[in-house]
Amino acid sequence: MRESEKMRVIVFILFLVALIAFAIDRVTLSAEPRVGLQGAIMPIGKPLQIKTPLGLPPLPIPADNPPTVETVALGRRLYYDPILSADNSISCASCHGPQMGFTDTHPVSTGVGGKRGTRHSPTVINSAYNFVQFWDGRAPSLEEQAKGPIANPVEMASTLDDSVRRLQADPKYVALFRQAWGTDKITIDLVVKSIGSFERTVLSGNSPFDRFYYGHDKNALSASAQRGLKFFTDPKKGDCEVCHTIGRDYALFTDNKFHNLGVGADLQGHMIDLGRFEVTKNEADWGSFKTPTLRNIAQRAPYMHDGSFPTLKDALGHYIGGGNLNPHLDREIHALDFLSFDERDDILAFLESLTAPLPDKLGPPTDLLVKQTTQSR
Ligand code: HEC
Ligand code: HEC
């Protein structure tokens with residue numbers, strides 16, 4: 001080989017080495033986020049196809065937040081970590097715990113310093129399907145919803161900026177955000193997108209009811225629960241299904257609408273909490289609240305927006321009595337005192353058949369569990 005040819009080969013090899021080094025640097029060392037529609041930062045990890053159990057429809061996914069293995073794992077950690085609260089004492093799970101069907105046992109929720117809110121925590125189960133979030137529907141998405149409790153003085157009592165600062169100061173979180181989102185700069189937007197993606201995996205279906213109704217397994221439901229299902233849907237009996245919807249292919253047990261049942265009304269028909277009206281100022285919405293799903297309902301006592309009914313039987317009793325009279329009581333609410341005691345028991349048996357065991361991967365990450373138990377000692 002002549003000298004000039006040798007030179008050329010060496011230069012070419014050097015060029016290749018530089019190119020490879022540059023490529024490696026782009027992939028591993030730089031923290032360049034992937035930017036999608038309207039400048040939104042997109043996840044960079046392994047796309048995750050969330051499987052929906054029997055009895056649930058396809059999952060709605062926002063275009064700017066497709067779930068990945070990494071964002072869901074990060075969201076799960078954030079959900080169980082009290083780091084988001086002002087004094088490191090309260091996590092999302094404090095009020096929406098998996099053992100309680102993703103709610104809590106207090107009539108109204110209790111936040112940092114034992115401060116009381118005014119409403120009962122609704123379940124996070126299947127909240128991915130809600131058209132709007134909160135009892136009054138004031139948040140349009142899970143992502144927007146999650147900002148609420150962090151900054152709420154009677155819940156996590158932090159500010160969005162402070163919570164982000166605490167995460168940014170924790171090298172473990174910086175690494176996890178980098179893996180999930182390809183950036184070292186943690187923002188509230190990425191925090192709530194991660195939490196939202198985790199919440200989209202908190203799904204309940206494949207209950208005894210689903211296996212009976214959609215899976216055609218005749219033995220999945222007791223005879224009593226089967227009668228209860230008939231009374232639940234029969235317009236001349238319970239007529240519950242007008243609001244707690246059961247579809248042909250799936251059942252969300254909510255019409256995603258707002259209704260006034262007079263829960264919380266006094267004898268004069270006055271209500272302290274005006275529900276949806278506070279958001280819309282529309283007279284027709286006075287004292288109305290979003291129809292909650294009934295999935296895993298037996299695990300979720302106490303009941304209603306103010307947690308005023310300690311048992312499922314008490315909640316049913318509200319309907320038997322025809323709700324509390326007030327000027328805006330929903331047209332579909334009327335006394336059901338003609339239902340026999342056996343028929344009432346059947347409806348309760350049916351409601352109990354809506355409980356499905358939830359997968360383990362929805363619980364706290366194991367190392368966080370250790371941290372929490374050592375803290376509480
Ligand atoms: C101190 C208790 C408390 C904490 C902590 C808390 N929540 Fe809530 N959550 C509530 C209450 C109460 C409501 C209902 C408030 C309302 O309707 O005005 C609610 C509503 C919700 C809803 C709406 C569900 C629906 O059906 O409309 C979701 C989703 C939710 N919370 C998720 C979270 C997440 C995620 C966190 C952590 C970032 C969190 N919550 C922290 C008490 C709490
Ligand atoms: C007019 C619509 C409507 C009808 C009919 C209806 N519900 Fe409800 N249901 C609601 C709304 C709205 C709430 C929440 C009300 C509140 O908290 O103020 C609710 C709450 C509940 C709860 C408590 C859920 C929770 O998360 O705390 C149970 C249990 C329940 N309904 C069962 C039934 C049964 C059983 C029937 C039939 C006998 C029935 N519902 C009929 C709209 C309806």
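Predicted model: local features only at pLDDT ≥ 70, side-chain atom pairs only at ≥ 80, totals over all residues.

Reader: Where is Asn 206, and what's its phi?
Author: Asn 206 sits in the loop between helix 7 and helix 8 (208-213). Its phi is positive, about 55 degrees, although Asn 206 is not a glycine. Helices here are DSSP runs of H or I with at least four residues, strands are runs of E with at least two, and both are numbered from the N terminus.

Reader: What about phi at Phe 134?
Author: Phe 134 has a phi near 85 degrees, again a positive value in a residue other than glycine. You'll find Phe 134 in the loop between helix 3 and helix 4. Phe 134 counts as partly exposed because there are 19 other C-beta atoms within 10 Å.

Reader: Which residues does the cis peptide bond join?
Author: Ala 301 and Pro 302, with omega at about -5 degrees. Pro 302 is in the loop between strand 4 (289-290) and helix 11.

Reader: OK, zooming out. How many helices and strands in the chain?
Author: The protein chain has 13 helices and 4 strands. Of its 377 residues, 38% count as buried. The C-alpha atoms fill a box of roughly 105 × 50 × 45 Å along the principal axes.

Reader: What are the domains?
Author: The assignment gives domain 1 (39-202) and domain 2 (208-352); such bounds come from an automatic or database domain assignment. Taken over C-alpha atoms, the two centres are 27 Å apart.

Reader: And how many residues are in contact between them?
Author: 24 residues of domain 1 contact 28 residues of domain 2, where contact means C-beta atoms, placed from the backbone, within 7 Å. On the domain 1 side there are 11 nonpolar, 10 polar and 3 charged residues. For those classes, Ala, Val, Leu, Ile, Met, Phe, Trp, Tyr, Cys and Pro are nonpolar, Asp, Glu, Lys and Arg are charged, and the others, Gly among them, are polar.

Reader: Now the ligands. Which residues come nearest to ligand 1?
Author: Cys 92, Cys 95, Ser 109, Trp 135 and Pro 149, out of 27 residues around ligand 1. A residue is near a molecule or strand when its C-beta atom, placed from the backbone, is within 6 Å of it. Helix 4 has the largest share of that shell, 5 residues. By class the shell around ligand 1 has 14 nonpolar, 10 polar and 3 charged residues.

Reader: And around ligand 2, which come nearest?
Author: There, Cys 240, Cys 243, Val 263, Tyr 303 and His 305 come nearest, of 27 residues. Helix 11 (residues 312-320) gives the largest share of this shell, 4 residues. The shell around ligand 2 divides into 18 nonpolar, 5 polar and 4 charged residues.

Reader: What's in the largest nonpolar core?
Author: It has 32 residues, and Tyr 79, Met 156, Phe 177, Ile 186, Val 191 and Ile 195 touch the most other members. A nonpolar core is a set of buried Ala, Val, Leu, Ile, Met, Phe, Trp, Tyr and Cys residues joined through C-beta atoms within 7 Å. Helix 2 gives the most to this core, 6 residues.

Reader: How many residues of helix 2 are buried?
Author: 11 of the 12, so helix 2 is largely enclosed by the rest of the structure. Among the buried ones are Glu 70, Arg 76 and Arg 77.

Reader: Last one: what does Ile 188 touch?
Author: Lys 147, Leu 160 and Val 164, leaving out residues up to four places away in sequence. Ile 188 lies in helix 7. Ile 188 and Leu 160 are 28 residues apart in sequence but 6.5 Å apart in space, C-alpha to C-alpha.

Methods. Residues numbered from 1 in each chain as written. Chains lettered and ligands numbered in written order. Contact = placed C-beta atoms within 7 Å. Buried ≥ 20, exposed ≤ 12 C-beta atoms within 10 Å, placed from the backbone.
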